[in-house]
Amino acid sequence: MNTFIWVIIITAVAGIGGTGIGGLIGALFNRDSEKTVSLLLSFAGGVMLSVVCFDLLLDAIEQNPDSSAHVFMVIGMVVVGYGVIYLLNYLIDKSTNPEIPHIDKDHPKTADQLSELIHSDHYEEHKKMQTPSSLFIGGMVMAFAIALHNLPEGMVIGSSYAQDGAVGFTVTGGLVMAIVIGLHNIPEGMSVSVPLISGGMNRAKAVLITAATGAPTIIGAMLGYSLGSIGPLSLALSLSFASGAMLYVVFGELLPEAILMWRSKLPAFGMLIGLLVGMVIIFV
């Protein structure tokens with residue numbers, strides 16, 4: 001089986017599997033899982049940061065290490081990748097927040113618990129004031145937004161495999177990125193299934209729709225792998241874009257979410273452990 005097929009299989013597990021697991025957790029929501037999810041997210045963020053800084057970016061620069069212009073091109077594409085994911089998250093927030101008004105004017109703007117982070121507490125409060133259809137529409141908007149958001153994340157996996165050139169489940173940058181993206185997709189899956197179920201959808205159907213939002217990750221991986229396989233320049237551009245996208249995921253999503261779920265020093269420690277584990281994976 002060639003590398004391209006493996007990229008599709010592994011990305012499907014990370015994209016569809018990750019969001020599907022999140023959807024299932026949302027359907028069987030357990031508030032006691034907050035600390036565990038917090039540590040998983042911070043650990044995944046550390047591993048991802050290590051792979052980006054010590055593997056992807058270095059390889060992107062090494063495609064033409066003697067050219068200062070090439071270095072600035074890599075920096076520029078990192079900014080583009082970061083900006084694309086930031087814009088997608090901005091559009092997600094803008095599209096979904098009107099469906100989830102705060103309980104009152106004094107309600108804090110930031111989440112203190114996993115239930116607030118995925119808005120399940122808001123849904124419970126607003127069931128009496130909102131129709132099920134409005135909650136359902138909010139869930140469908142979130143599903144579409146998350147599906148769009150998963151496209152560039154898939155490019156990260158594909159670009160990493162184009163860089164590695166390895167086949168199968170070998171421990172490589174591509175597999176590591178697939179694992180951490182899969183972990184990252186869990187809370188995203190929860191944010192889709194909770195409003196769908198609150199809006200009256202059958203739990204099993206809601207979980208299936210949530211899992212389907214991870215499918216665009218496969219398209220992104222195919223695109224990233226194809227671009228990265230063309231030549232050194234396209235590989236550098238693809239790796240740089242993927243690095244910027246993942247830097248936003250780490251600092252704009254994973255770490256803030258981990259800290260909001262568990263206001264403690266341990267999420268930062270979990271990220272440090274993840275960073276060190278990532279270095280072991282890359283260099284050992």
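Student: Among contacts between residues at least 6 apart in sequence, what share joins residues at least 24 apart?

Tutor: It's 83%. Contact here means heavy atoms within 4.5 Å. Before we go on: this is a predicted model, where local features need pLDDT of at least 70 and side-chain atom pairs count only at pLDDT 80 or more, while totals for chains, interfaces and linings use all residues. Residues are numbered from 1 along each chain as its sequence is written, and side-chain values use heavy atoms, with hydrogens and water left out.

Student: What makes up the chain, in helices and strands?

Tutor: There are 11 helices and 0 strands.

Student: Why is S238 called buried?

Tutor: Buried means under 20% relative accessible area, exposed means over 50%, and partly exposed is in between (1.4 Å probe, protein chains only). S238 has 4%, so it counts as buried. You'll find S238 in helix α10, residues 232–261. Leaving aside neighbours within four places in sequence, S238 touches S159, G224 and G228. G224 and G228 also turn up among the buried residues of α9.

Student: How do you know that α9 has close to its expected reach?

Tutor: The expected span is 1.5 Å times one less than the number of residues. α9 (residues 216–228) has 13 residues and reaches 18 Å from first C-alpha to last, close to the 18 Å expected. α11 passes the check too: its 18 residues reach 26 Å, close to the 26 Å expected.

Student: What puts the buried residues of α11 on the same side?

Tutor: Those residues are P267, G270, M271, G274 and G278. They cover an arc of only 100° around the axis, so they sit on the same side of α11. The arc is taken from the directions that run from the helix axis to the C-beta atoms.

Student: And what makes F269 partly exposed?

Tutor: F269 has a relative accessible area of 47%, so it falls in the partly exposed class. F269 lies in α11.

Student: Where is M48, and why is M48 called buried?

Tutor: M48 is in α2. Its relative accessible area is 0%, so it counts as buried. M48 is 230 residues from G278 in sequence, yet the two are 7.4 Å apart, C-alpha to C-alpha. Setting aside neighbours within four places, M48 has contacts including M177, V180 and M246.

Student: What makes G182 buried?

Tutor: G182 comes in at 10% relative accessibility, and therefore counts as buried. G182 belongs to α7, residues 173–198. Beyond neighbours within four places in sequence, G182 is in contact with A14 and G18.

Terms used. Helices (H or I, at least four residues) and strands (E, at least two) are DSSP runs, numbered from the N terminus.
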